[in-house]
Amino acid sequence: MLGEPQAVDLDPLDLESALVRAAVGDYAAEAAVLLLAESGHWLPRLQAAGLVAIALDADATDGGPWAAVQWADLDGALRTGAIGGSGGQLRLLRAAASLAEGQPLDLSDLTAGLDRDELVLLLAALAHAAGSHEHEGGAGEPLGPVVPWPLRD
């Protein structure tokens, strides 16, 4: 008998797809997932630490799994050293947790500790959470996001 599917069994692209699939329709949740994915640091670490839960959905049009970060378990994982990162990476993780779950965040500390690339990611996440990618001008033409996600290599 096969065991339950595990997040560690997913390749990085499938993991990201499963997280996005579960977040679609909630701009703040989408922004949190995209922030983690675009940072390039967090998804593999969260996956390896068992901080991502997955579920299969037989009714999904693409047959793929759904996934969710276990936001409530982040503090414990950080305290025990199960996950870690640089100051800027940790700030982005906290920003993602704040977007996804409303965890409190000190904006002064957040912004003071980001390098330029991390700041662009944070601003893109905030613009996405606000729905700026869906905004239209006076004639109904799409305006595009206030700050777009950077292009990946």
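Student: At roughly what angle do the axes of helix α5 and helix α7 cross?
Tutor: Keep in mind that this is a predicted model. Helix α5 covers residues 87–101 and helix α7 covers residues 116–129. Their axes come within 10 Å, and the crossing angle is roughly 5°.

Student: Is α5 roughly parallel or roughly antiparallel to α7?
Tutor: Angles under 35 degrees count as roughly parallel, and those over 145 as roughly antiparallel. The axes here cross at roughly 5°. That makes the pair roughly parallel.

Student: Which residues of α7 make the contact with α5?
Tutor: Start from the α5 side, where Gly88, Gln89, Leu92, Ala95 and Leu99 take part. Across from these, α7 brings in Glu118, Leu121, Leu122, Ala125, Leu126 and Ala129.

Student: How many residues of that α5 and α7 contact are nonpolar?
Tutor: Sort them by class, with Gly counted as polar. The contact then has one charged and two polar residues. The nonpolar ones number eight.

Student: Moving on to pockets, which residues lie closest to the centre of the largest pocket?
Tutor: This pocket has a volume of about 510 Å³, and 23 residues line it. At least two lining residues come from each of α1 (12–23), α2 (27–39), α3 (42–48), α5 and α7. Closest to the centre are Ala37, Glu38, Ser39, Gly40 and His41.

Student: And how many charged residues are in the lining of the largest pocket?
Tutor: Go through the classes again. The lining has 12 nonpolar and five polar residues. The charged ones come to six.

Student: Which elements give two or more residues to the lining of the second largest pocket?
Tutor: That pocket holds about 170 Å³ of space. Its lining includes Leu19, Val33, Val69 and Ala100. The elements giving two or more residues are α1, α2, β2 (66–69) and α5.

Student: How many polar residues does the lining of the second largest pocket have?
Tutor: Trp71 and Glu101 are among the residues there. By class, the lining has 11 nonpolar residues and one charged residue.

Student: Zooming out, what pattern does the chain follow along the sequence?
Tutor: The chain has seven helices and two strands. Read along the sequence, the pattern is α-α-α-β-β-α-α-α-α.

Student: What is the radius of gyration of the chain, and what does the globule rule give?
Tutor: The C-alpha trace spans about 60 × 40 × 30 Å along its principal axes. For 153 residues the globule rule gives 15 Å, and the chain's own value is close to that, so the chain is as compact as a globular protein of that length. The radius of gyration is 16 Å, against 15 Å from the rule.

Methods:
Residues are numbered from 1 along each chain as its sequence is written. This is a predicted model: local features need pLDDT of at least 70, side-chain atom pairs count only at pLDDT 80 or more; totals for chains, interfaces and linings use all residues. Side-chain values use heavy atoms; hydrogens and water are left out. Axes are lines fitted to C-alpha atoms, for helices over the stretch in contact, and angles run from 0 to 180 degrees between N-to-C directions. Helices (H or I, at least four residues) and strands (E, at least two) are DSSP runs, numbered from the N terminus. Angles under 35 degrees count as roughly parallel, over 145 as roughly antiparallel, 65 to 115 as roughly perpendicular and the rest as oblique. Contact means heavy atoms within 4.5 Å. On a 1 Å grid over the protein atoms alone, a cavity is a set of points where a 1.4 Å probe fits but cannot get out, and a pocket is an open set with protein on both sides within 12 Å along at least five of seven lines; lining residues have an atom within 4 Å of a point. Grid points are joined across faces, edges and corners, and a volume is the space filled by probe spheres set on the points. The radius of gyration is taken over C-alpha atoms; the globule rule is 2.2 Å times the number of residues to the power 0.38.
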